[in-house]
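Visitor: Please take one part of this model and go through it closely, with whatever packs around it. Keep it brisk.

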Amino acid sequence: MKQEKIDNLVEEAINIKPNSYSPYSNFRVGAAIEMNDGELFTGVNIENVSFGATNCAERSAIFTAISQGYQPKTIKAIAVSGDTDDFLPPCSICRQVMVEFCEPETPVYLTRKDGKVLETSVEGLVPFAFSTMDM
Ligand SMILES: O=c1ccn([C@H]2C[C@H](O)[C@@H](CO)O2)c(=O)[nH]1
Ligand SMILES: [Zn+2]
């Protein structure tokens, strides 16, 4: 993906982060996804006093896109932003959701608080994934 597009997606993930509802962990996360048609969606982590009801930023963004009518495999790229010293790794639940809705080669950009960006992919995050192909 073009550097300018990556920078923009990362910026969207950073800018949405203040909307995080995370009173229990105080750990704010923002995510942004670009669709194949250029549309952007963002998401934040949304916690709950019943902790298991928490939704991560990545899933919030993906589920928003799907709720708007996008089909699986129409996501072009994902960016995730936390305020972490190291690159923030998406949790395994989000990784499995990425497997469902992205292509294996869909790029995932992970950021850390010094502003550096690491590019990986859905396949990089989930090797040997269980997917619809296995059903
Ligand atoms: O990649 C990640 C990792 C964690 N969280 C959220 C879940 C919870 O609200 C908080 C602490 O785990 O951060 C995300 O949104 N994305
Ligand atoms: Zn997650």
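Guide: Lys73 counts as exposed because it has 12 C-beta neighbours inside 10 Å. The cut-offs run as follows: 20 or more other C-beta atoms within 10 Å of a residue's own make it buried, 12 or fewer make it exposed, and anything in between is partly exposed, with C-beta atoms placed from the backbone. Lys73 sits in the loop between H2 and S3. Such labels mark DSSP runs numbered from the N terminus: helices are H or I with at least four residues, strands are E with at least two. Lys73 is not a glycine, yet its phi is positive, about 70°. Most residues other than glycine have a negative phi.

A word on the ground rules. This is a predicted model, in which local features need pLDDT of at least 70 and side-chain atom pairs count only at pLDDT 80 or more, while totals for chains, interfaces and linings use all residues. Residues are numbered from 1 along each chain as its sequence is written, and chains are lettered from A and ligands numbered from 1 in the order in which they are written.

S3 has partners to look at. S1 pairs with S3 in the antiparallel sense, over six bridges. For two strands to pair, DSSP must find at least two bridges between them. Ala32 stands opposite Ala79 in S3. S4 is joined to S3 by three bridges, and these two strands run parallel. In S4, Ala79 has Tyr109 as its bridge partner, and Val80 has Leu110.

S4 itself is mostly covered, with five of its five residues buried. Pro107, Tyr109 and Thr111 point one way from S4, while Val108 and Leu110 point the other way. In a regular strand the side chains alternate between the two faces of the sheet. S4 covers residues 107-111, and five bridges join it to the antiparallel strand S5, residues 117-121. Tyr109 has Glu119 as its bridge partner in S5. S4 and S5 form a hairpin with five residues between them, and Gly115 in the turn has a positive phi of about 95°.

Next, the nonpolar core. The largest one holds 30 residues, of which Ala31, Ile33, Ile78, Ala79 and Val80 touch the most other members. H1 (3-16), S1 (30-35), S2 (40-44), H2, S3, H3, S4 and H4 each supply at least two residues of this core. S3 gives the most, with five residues. A nonpolar core here is a set of buried Ala, Val, Leu, Ile, Met, Phe, Trp, Tyr and Cys residues joined through C-beta atoms within 7 Å.

Leaving aside its neighbours within four places in sequence, Ala31 is in contact with residues including Ala57, Ser60, Ala61, Ile78, Ala79 and Val80. Contact means that the two C-beta atoms, placed from the backbone, lie within 7 Å.

Gly69 follows H2 with a positive phi, near 105°.

H3 also belongs in this picture. The buried residues of H3 (residues 92-101) are Cys94, Met98 and Phe101. They cover an arc of only 75° around the axis, which puts them on the same side of H3. That arc is taken from the directions from the helix axis to the C-beta atoms.

Of the 14 residues around ligand 1, Ser25, Val29, Asn45, Cys56 and Ala57 come nearest. A residue counts as near if its C-beta atom, placed from the backbone, lies within 6 Å of the molecule. The shell divides into eight nonpolar, four polar and two charged residues. Here Ala, Val, Leu, Ile, Met, Phe, Trp, Tyr, Cys and Pro count as nonpolar, Asp, Glu, Lys and Arg as charged, and the others, Gly among them, as polar.

Finally, another positive phi. Phe128 has one of about 55°, although it is not a glycine. Phe128 lies in the segment after H4. With 6 C-beta neighbours inside 10 Å, Phe128 counts as exposed.
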